[in-house]
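Visitor: I am new to this structure. Could you show me how to read it, step by step?

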Amino acid sequence: MRAVGVLALQGDVREHVTTLENLGVTVRRVRTPGDLNGVSGLVIPGGESTTMSRLLMTSGLREPLQSLITGGFPVLGTCAGLIMLAREVLDGRADQWSFGAIDVTVRRNGYGRQIASFETPIDVLGSGTVPGVFIRAPRIVRWGEEVVVLASHDHGDGAHPVLVRQGSAWGCSFHPELTSDVTVHGLFLDALAEALR
Amino acid sequence: MTSALSPSTVGSALVKRGLADMLRGGVIMDVVNPEQAKIAEDAGAVAVMALERVPSDIRRDGGVARMSDPQMIQEIQAAVTIPVMAKARIGHFAEAQILQALDVDYIDESEVLTPADEENHIDKWVFTVPFVCGATNLGEALRRIAEGACLIRSKGEAGTGNVVEAVRHLRTINAQMRRLASADAAELFALAKDLQAPVALVQEVAATGKLPVPLFCAGGISTPADASLVLQLGAEAVFVGSGIFKSEDPVRMAKAIVEATTHYEDASIVTKVSTGLGAAMRGAETATLETRLAERGW
């Protein structure tokens, strides 16, 4: 398999790199458009979505990534990465934009500020239980018919999806990269290999 | 599948340190009002530090520097969507309790404010909100981590616009970590004694080669080149205090430091964002200072 990219503008890049390498993948950090050459998929890490969206523009990555993603390029976004992939973002900045690859509406900090950040076990469809680390996490408050919900969490006010997929775009509210569990990255890589076949 | 109403845990070390991980590669900017906070967010700051006076003004004004007015912190929280940090005095756990009640995202137990306790720092384990603390060397960093700090920053010499102290602190911490990595198991006990740090943390650093929490840089960062320098020296993110809003063109300076922090290894990009920026803050030679903030805390 060709290299998998990790968007390395800001955020917990290293943890994603480590997780992917532990799964036997060659990883490339992506900071400029040239870094996209020869990568077969991209992980958008956790971090601050407002910062990432600005750096995507100044680095010249926004347009090439948008056309790749619109064309079905495999992407996995965790936390801020999910925000970047969502169709609609609530409680963001007035000029907040996103790639719109997954037909969900996310509310930024939808589980509360840092003091409400939490850990809880999450059951992933067909893959057992994984540790869920939610840090100022976005909450998926609407999801379209084409969205496959792979895991949900009930935070005391009804179930909301926390791991979703639409085509080759994957989004996750929590941070699988902050734990040693490789389930979510493994599912993404399996789908990526399938798409390349 | 929906996870049944399973127990969820708040305030764990993982979620507290995890927020610091999310700030890596970013710039945390000191702001004194909602307008500055908006400018910081627009420029791409990953977080803002809400305080009444930036360090250079605290230095100029003298007197006792305390926690900011809660109203001012709340106005800044209302103005931006990024994390908001605020400072408590060293040892002043009541100020920290107020900041936690205000729902700030990170508390900086800071030497920039006048210390409230000459012997003890805050017991940070009892708080749900995470803490960042300053350190000038590895022993100090590990003592703060033993007290529950989830993020360490160099102290630098705040409010001077002079990066020399921050560089000294980063180089010292890194050199001491390299020394631990090359020590054998028996030597670690004596090294822990020299560092005045808990043996278990010393053993952890020796095994992993890095701190158990992220290491950021603060103190005197005033230009994109300063940011690039400290990131290349091993800092994982930067705090910029007076350096932005005391410069000639804060909007451009803020954006430039954000880009330089991301692309710190790419001299062509750091050059581009450094070009035609206007004057950086004036700055001070640290050897002539009457008050050395970095000597506060121990």
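Guide: We will go through confidence, the interface and the sheets in turn. This is a predicted model, in which local features need pLDDT of at least 70 and side-chain atom pairs count only at pLDDT 80 or more, while totals for chains, interfaces and linings use all residues. Residues are numbered from 1 along each chain as its sequence is written, chains are lettered from A and ligands numbered from 1 in the order in which they are written, and side-chain values use heavy atoms, with hydrogens and water left out.

Visitor: What is the mean pLDDT of chain B?

Guide: Where pLDDT is low, predicted coordinates should not be read in detail. The score is the predictor's confidence in each residue, from 0 to 100. Chain B has a mean of 93, and 97% of its residues reach 70 or more. The model scores ipTM 0.96 and pTM 0.95.

Visitor: How many residues of chain B are in contact with chain A?

Guide: The size of an interface is often given as the accessible area lost when the parts come together. Here 46 residues of chain B are in contact (heavy atoms within 4.5 Å) with 52 residues of chain A. Together the two chains bury about 3900 Å² (accessible area lost to a 1.4 Å probe, summed over both), and 51% of that is on carbon and sulfur atoms.

Visitor: How many salt bridges are there between chain B and chain A?

Guide: The count is 7, taking a side-chain nitrogen of Lys or Arg within 4 Å of a carboxyl oxygen of Asp or Glu. One of the side-chain pairs in a salt bridge is A:Arg93 with B:Asp42, at 2.7 Å from N to O. On the chain B side, elements that each supply at least two touching residues include helix H1 (13–22) and helix H2 (34–43) (helices are DSSP runs of H or I, at least four residues, and strands are runs of E, at least two, numbered from the N terminus). H1(B) gives the largest share, 7 residues.

Visitor: Which strands form the sheet that includes E2(B)?

Guide: Strands of a sheet pair through backbone hydrogen bonds, either parallel or antiparallel. This open sheet has 3 strands in the order E8(A)-E7(A)-E2(B), with antiparallel pairing (strands pair if DSSP finds at least two bridges between them). E8 of chain A and E2 of chain B each have a single partner strand, so one side of each is left without a neighbour in the sheet.

Visitor: What is the strand order of the open sheet of 8 strands in chain B?

Guide: The order is E9-E8-E7-E6-E5-E4-E3-E10, with parallel pairing. Its edge strands are E9 (215–216) and E10 (238–240). Within the sheet, E6 (residues 106–110) and E7 (residues 131–135) of chain B pair over 3 bridges, and B:Asp108 stands opposite B:Val132.
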